[in-house]
Structures are given as C-alpha cells and as structure tokens.
Amino acid sequence: MKYFPSLTLLLFTLMLFANKSYCQTDISDTLSKRFTRFIGEWRLKDNVWRSKLGGESKDSTRSFVAKAASPENSIIWSADFGGGGWAVLFWTYHKETGKLNHISNTTDNNVGIGTGEFNADNDLIIKIVYPNGCTTCHRIYTYHWISSNEFDFKATIYKDGELTDDFYGATFLRK
C-alpha cells in the first residue's frame with residue numbers, strides 16, 4: 001500500500017507519454033502523406049496549359065519531376081518547359097505546424113519566395129512574392145487534388161492586394 005501513490009504516478013506518467021507520442025506520430029504521419037504525395041513524375045493532362053495570355057495551348061514538351069530532397073520534409077521540383085524554359089522549386093514542410101516554405105527560380109532568374117499550408121480539403125495553397133518582379137504583387141498557387149494521381153494547379157496574380165484577371169496553370173497527371 002505504501003508504493004501505491006508512487007506506482008500510480010509512474011503509470012499515469014507512462015500513459016501520458018504513450019498518448020502524447022501516439023498522437024504526435026499519428027498527426028505527423030497524416031501531414032507527411034499530404035506533402036509526400038507530390039513526389040513523382042507528372043505530365044499535363046491532354047497536354048493542355050492554360051493562361052490568360054495564351055488561353056488553352058497544347059504543349060507536350062513540358063515535364064515535371066518532384067523528388068524527395070530529405071527523408072520526410074523536403075521536395076525539389078524540376079520543370080522543363082521545352083524550348084529552353086525551366087523552373088526549380090524547393091519546398092520544405094514543417095510537420096508540426098503544417099506550414100510549407102517555398103523558394104523557386106526560373107529561366108529568367110525570377111526568384112519566388114513564399115509560405116503555404118494545406119486547407120481542410122487537403123489542397124495546398126501557397127502565397128508567393130517575386131522580389132525582383134512587381135514589388136506590389138504576389139501570386140497564390142493552388143494545388144487542388146482530384147485523385148491520388150491527378151491535381152489541378154492554378155496560379156492567380158494579385159496587384160496591390162487585389163486579384164487581377166491574370167492566371168496560369170494546368171491539370172497534372174502522374175506518369
């Protein structure tokens with residue numbers, strides 16, 4: 001009986017630790033899966049790229065590859081737009097906060113810096129600024145999952161905090 005309080009305290013502490021570890025692992029695993037499902041080779045659905053300036057254009061030369069850059073929380077994207085155009089994106093995902101950090105560079109040294117997060121529908125939304133571009137502009141990149149092998153990407157452009165009618169994007173299929 002004299003060990004009962006100590007034993008009770010020990011069991012209580014172990015239960016808290018086990019519960020905390022289980023919950024953290026469960027949450028982190030779920031968030032990691034949201035992030036790592038981007039890994040793979042992607043192509044444009046029906047070879048269609050959409051933009052305000054070009055409308056819908058057929059383009060079979062574009063290719064996109066996302067590879068793990070670290071075991072769990074970093075991805076590097078490489079995009080070949082054909083004709084010498086390219087882009088490289090680096091994403092790092094903080095599992096505990098659910099925030100994503102984005103940095104990118106394109107053919108004309110258009111460097112993008114941004115942060116994003118997943119919404120309730122598991123879509124990824126990133127706000128990106130381009131410091132060497134328009135100083136009062138930003139873009140919102142939305143990655144909307146249609147299935148595990150298909151997502152729609154749309155970039156919308158804002159100037160002075162207001163949505164413009166400029167955009168670009170495509171639906172991507174896993175190769």
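Start by selecting Trp42: its bridge partner in β4 is Phe64. Strands here are DSSP runs of E of at least two residues, numbered from the N terminus. This is a predicted model, where local features need pLDDT of at least 70 and side-chain atom pairs pLDDT 80 or more, while totals for chains, interfaces and linings use all residues. Residues are numbered from 1 along each chain as its sequence is written, and side-chain values use heavy atoms, without hydrogens and water.

Now show β1 (residues 40-44) with β4 (residues 63-68): they run antiparallel, joined by three bridges. Two strands count as paired when DSSP finds at least two bridges between them.

A hairpin of five residues connects β4 to β5. Along this pair, Val65 stands opposite Ser78 in β5.

Select Trp77 next. Beyond its neighbours within four places in sequence, Trp77 is in contact (heavy atoms within 4.5 Å) with residues including Phe38, Trp42, Phe64, Val65 and Phe151. Trp77 is also among the residues with the most contacts inside the largest nonpolar core, alongside Phe38, Trp91 and Tyr143; that core has 30 residues. Such a core is a set of buried (under 20% relative accessible area, 1.4 Å probe, protein chains only) Ala, Val, Leu, Ile, Met, Phe, Trp, Tyr and Cys residues joined through side-chain atoms within 4.5 Å. Strands supplying at least two residues each include β1, β4 and β5.

Finish at Asn101, in strand β7 (residues 99-106). Its contacts outside the four-place neighbourhood include Trp91 and Gly114.

Definitions and conventions
Helices (H or I, at least four residues) and strands (E, at least two) are DSSP runs, numbered from the N terminus. Buried means under 20% relative accessible area, exposed over 50%, partly exposed in between (1.4 Å probe, protein chains only).
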